[in-house]
Structure formats: structure tokens, C-alpha cells
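Student: I am new to this structure. Please show it to me, and then I will ask about it.

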Amino acid sequence: MDGTDHLDRITLPVTTQRLSLRLFTADDLDDMHAYQGLESVARYLYRPPRTRDRCAEVIEKISAPTGWSKDGDELVLAVTRADAPGVIGEVVVKLAGAHAQQVEIGWALHPEHEGRGYATEAARAVASLAFDTLGAHRIFARLDVENTGSAKLCERLGMRREAHLVENDLDGERWGSEYVYAALVHDLER
Ligand SMILES: CC(C)(COP(=O)(O)OP(=O)(O)OC[C@H]1O[C@@H](n2cnc3c(N)ncnc32)[C@H](O)[C@@H]1OP(=O)(O)O)[C@@H](O)C(=O)NCCC(=O)NCCS
């Protein structure tokens with residue numbers, strides 16, 4: 001299977017009722033840093049908050065995705081509102097296992113835009129993209145058990161909780177536990 005062709009099949013932006021999903025550009029640096037620089041956002045992404053310089057490096061990389069054929073290939077899309085300027089967050093699809101077409105999905109939203117269903121709407125769009133365009137057989141998300149916002153989002157999408165990994169991670173002095181949520185194409189609430 002030629003994975004690059006799969007990316008070529010995607011027409012951007014992907015639009016939903018209230019949102020538009022597109023590639024990041026260098027002009028999005030301040031908007032990305034506004035949420036990726038926050039401790040509250042980084043906490044559940046298993047890494048420190050991003051500096052502005054780190055955001056610039058990341059944007060350079062993700063603004064030109066190279067393909068969709070091997071483990072680790074990913075597509076990161078900026079989430080924008082149809083009714084307001086700027087980037088409010090991001091969604092990601094990652095080819096975790098090319099052989100069995102296992103695709104990890106993820107999201108991050110600026111806290112100012114929480115509580116209105118934007119992350120769910122964007123995640124639903126990338127889940128559809130994964131199945132309908134990128135050839136996913138199964139999508140999954142891994143999240144800290146304390147990340148209740150993400151667990152609720154997964155459940156709204158129709159994903160099922162498949163695993164509870166108990167103290168499988170050590171963050172400083174704190175043991176972390178994770179849930180794995182997943183869906184096959186017919187599980188999704190479209
Ligand atoms: C996880 C995260 C995206 C959740 O944000 P969120 O605002 O709760 O998610 P949504 O944007 O989908 O909004 C859902 C909320 O809006 C409400 N809502 C309002 N209008 C809605 C609508 N039209 N559709 C759906 N939900 C709506 C829902 O009831 C829900 O509120 P509740 O949690 O009180 O029930 C956000 O907290 C975040 O970015 N966290 C940091 C990064 C992170 O954890 N990433 C995931 C790592 S695995």
C-alpha cells in the first residue's frame with residue numbers, strides 16, 4: 001500500500017459544523033504557544049510545556065507532513081473556528097502500527113475554548129478521516145486515568161474502554177495509570 005497516496009487523498013481544510021481543520025503555518029506560532037506552553041495542557045501529554053522556540057520547531061515539522069506508510073507517521077491539524085480567527089487547539093492522527101492499520105488519535109485545546117464541544121467535534125472529524133481516508137482498521141487513544149475530559153470525549157465518540165493500565169508510568173515521584181480507548185469503524189457515533 002502506498003501511504004503517501006493516502007495523504008494525497010485528504011482534502012484540506014476538513015470542515016465541520018463549527019470548525020475548520022488545516023495544516024499549521026508559521027503564522028500560528030503565538031496561538032500554538034498559548035496552549036502548548038501551559039502546564040495544565042502539557043500535564044496529560046506526558047511532556048513539559050513547550051517553549052516558543054520548541055513550538056516553532058514543531059510547526060516547521062508538522063506543516064509539511066511527508067507520508068502515511070510507516071509506523072510513527074502522523075498528521076497534525078490546527079483547529080480553527082469558523083466564526084473567529086486564530087487556532088484554538090490541535091488534533092493528531094498517528095500511524096501507530098502500519099501492518100494492522102492501527103491509528104492513534106489525540107487532541108489538545110486551549111482552556112479558554114473548553115466546555116463547548118469543540119474538541120469532540122474535531123476529534124470526530126479526524127476519527128472519520130482515519131477510517132474513511134487513511135485506511136485505519138482500528139483507532140485508539142491512551143489517556144491518564146485522571147484526564148476525565150478526554151475520557152468523556154472518547155465515550156462521546158463511541159470509543160470503548162479496552163484497558164486500564166495500572167501504574168504503568170512513573171512521572172517524577174508519582175505513579176501514573178492509563179486508560180486505552182478504541183473503536184472499530186462501526187463503533188463510531190457519526
Ligand atoms: C481533553 C480536552 C480536549 C477536553 O476539553 P473539553 O472542552 O472538555 O472537550 P470538548 O471541547 O469536547 O467539550 C466537551 C464539554 O462541552 C460540553 N458541550 C457544550 N456544547 C457541546 C456540544 N455542542 N457538543 C459536545 N459537547 C458540548 C460537553 O457537555 C462537555 O462538558 P462536560 O465535560 O462538562 O460534560 C481538554 O481538556 C484539553 O485539551 N486538555 C489538555 C490536553 C489533553 O489532555 N489532551 C489529551 C491527551 S490524551
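Tutor: Read along the sequence, the protein chain runs α-β-β-α-α-α-β-β-β-α-β-α-β-β, where helices (H or I, at least four residues) and strands (E, at least two) are DSSP runs numbered from the N terminus. This is a predicted model, in which local features need pLDDT of at least 70, side-chain atom pairs count only at pLDDT 80 or more, and totals for chains, interfaces and linings use all residues. Residues are numbered from 1 along each chain as its sequence is written, and side-chain values use heavy atoms, without hydrogens and water.

Student: How many helices and strands does the protein chain have?
Tutor: The elements of the pattern are counted by type. The protein chain has 6 helices and 8 strands.

Student: Why is the protein chain called as compact as a globular protein of its length?
Tutor: The radius of gyration is taken over C-alpha atoms, and the globule rule is 2.2 Å times the number of residues to the power 0.38. For 190 residues the rule gives 16 Å, and the protein chain is close to that, so it is as compact as a globular protein of that length, with a radius of gyration of 16 Å.

Student: What share of the 190 residues is buried?
Tutor: Buried means under 20% relative accessible area, exposed over 50%, and partly exposed in between (1.4 Å probe, protein chains only). By that cut-off, the buried share of the protein chain is 47%.

Student: Which residues of helix H2 are buried, and where do they lie?
Tutor: In H2 (residues 29-36), the buried residues are Leu 29, Met 32, Tyr 35 and Gln 36. Seen down the axis, they fall within an arc of 145 degrees (the arc of the directions from the helix axis to the C-beta atoms). They therefore line one face of the helix.

Student: What do the buried residues of H2 pack against?
Tutor: Contact means heavy atoms within 4.5 Å. The partners are helix H3 (39-42), helix H4 (52-62), strand S4 (87-97) and strand S5 (102-109).

Student: Which exposed residues sit on the face of H6 turned away from its buried side?
Tutor: The buried residues of H6 (residues 148-157) are Ser 150, Ala 151, Leu 153, Cys 154 and Leu 157. They cover an arc of only 160 degrees around the axis, which puts them on the same side of H6. The face turned away carries Thr 148 and Lys 152.

Student: Which residue follows H6, and what is its phi?
Tutor: The residue after H6 is Gly 158. Its phi is positive, near 100 degrees.
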